[in-house]
Amino acid sequence: MSDSIILPPGDWPVMQPGWVWLCGAGPGDPGLLTLHALNALRQADVIVHDALVDARILDWANPDAERLYAGKRGGKPSAKQKDISHQLIHLAKAGKKVLRLKGGDPFVFGRGGEEGQTLVQHAIPIRIIPGISAGIGGLAYAGIPVTHRDVNQAVTFVTGHDRTGGRTGVDWASVAKGSGVIVIYMGMKHLADIATDLIGAGRGPDEPVAIVAQATLPDQQVLETTLATCASDAAASGIGAPAVICVGRAALLRQALDWQSLAMGHPARNADPLGLGRPAEDG
Ligand code: SAH
């Protein structure tokens with residue numbers, strides 16, 4: 001099955017024994033994998049992947065490749081970061097072609113930086129393959145553009161919890177003031193507190209919020225809510241991690257750009273959700 005997957009002709013990099021390629025797998029939909037990632041999957045001897053990598057993507061690997069799960073999920077028991085890094089070092093030193101495959105982009109809240117650094121400190125050669133991050137591609141699947149000229153000139157990507165699982169690390173007041181659109185990763189656990197902090201820092205309680213869970217996957221769920229009600233609405237709907245949370249008027253654009261719903265023949269709910277009263281391309 002995986003032999004039927006052929007890369008377009010090109011000068012694809014060859015994976016060498018003893019190397020580790022740190023690679024993003026995108027947010028879920030296998031079609032969002034990059035060609036470099038596919039090239040890596042076809043060559044690796046060992047694939048060390050985390051929980052957010054879709055099984056269909058792993059099925060594109062070389063059939064002889066060993067697959068090792070190094071999952072990390074908030075609140076659940078998981079491999080320690082140190083153990084994962086040391087496993088990568090061990091495999092590389094044993095002469096394997098190692099693919100470290102992570103959900104989304106390896107350098108966006110994915111600890112790819114730490115793993116890469118540890119490998120370099122142990123003189124292991126690395127290659128970095130970026131991926132589509134959930135906070136951009138996942139929102140796009142929900143019809144939410146993270147920037148829009150009539151909404152925001154800046155977007156902040158922020159994590160809902162720090163390395164201890166707490167939430168001391170983020171200055172939410174600055175985030176609230178500095179950025180029209182805020183995209184929160186790993187934010188479900190502390191959603192109520194985050195929303196309270198953002199409102200406390202001056203964001204409107206009625207401000208639109210969209211929560212996109214399992215983004216890009218067949219069971220993608222989207223909850224459209226507001227800052228004041230997002231935590232209770234999320235609890236009532238049962239929507240859960242993994243989810244990206246978009247705070248700001250960008251979330252309204254889903255009313256026009258929910259392309260999955262349009263593709264099913266439903267009309268746009270509102271072709272002008274920002275209420276501009278003019279064609280979108282004007283100005
Ligand atoms: N490196 C990843 C992020 C890893 S942190 C990236 O660039 O996307 C894990 C968090 O990413 C999850 O808690 C969630 O906030 C987000 N995430 C990853 N995949 C997702 C998906 N398919 N749908 C919604 N959120 C996702």
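**Exercise 1.** In which order do the five strands of the open sheet that contains β1 stand, and is their pairing parallel or antiparallel?

*Solution.* The model is predicted: local features need pLDDT of at least 70, side-chain atom pairs count only at pLDDT 80 or more, and totals for chains, interfaces and linings use all residues. Residues are numbered from 1 along each chain as its sequence is written. Strands are DSSP runs of E with at least two residues, and helices are runs of H or I with at least four, both numbered from the N terminus. Two strands pair if DSSP finds at least two bridges between them.

Step 1. The order is β3-β2-β4-β1-β5, with parallel pairing.

Step 2. Because β3 (66–69) and β5 (126–129) each have a single partner strand, one side of each lacks a neighbour in the sheet.

Step 3. Within this sheet, β2 (46–49) and β4 (98–102) are joined in the parallel sense by four bridges; I47 has L99 of β4 as its bridge partner.

**Exercise 2.** Determine the strand order of the sheet with mixed pairing, and state which helices pack on it.

*Solution.* Step 1. This open sheet of five strands runs β6-β7-β10-β8-β9. Its edge strands are β6 (155–159) and β9 (221–226).

Step 2. Strands β8 (208–213) and β10 (243–247) pair in the antiparallel sense over five bridges, and A210 is bridged to C246 in β10.

Step 3. Helix α5 (134–141) packs on the sheet and touches β6, β7 (181–185), β8 and β10. A contact requires C-beta atoms, placed from the backbone, within 7 Å.

Step 4. Helix α8 (230–237) also packs on this sheet, touching β8 and β9.

Key: Contact = placed C-beta atoms within 7 Å. Axes fitted to C-alpha atoms, helices over the stretch in contact; angles between N-to-C directions.
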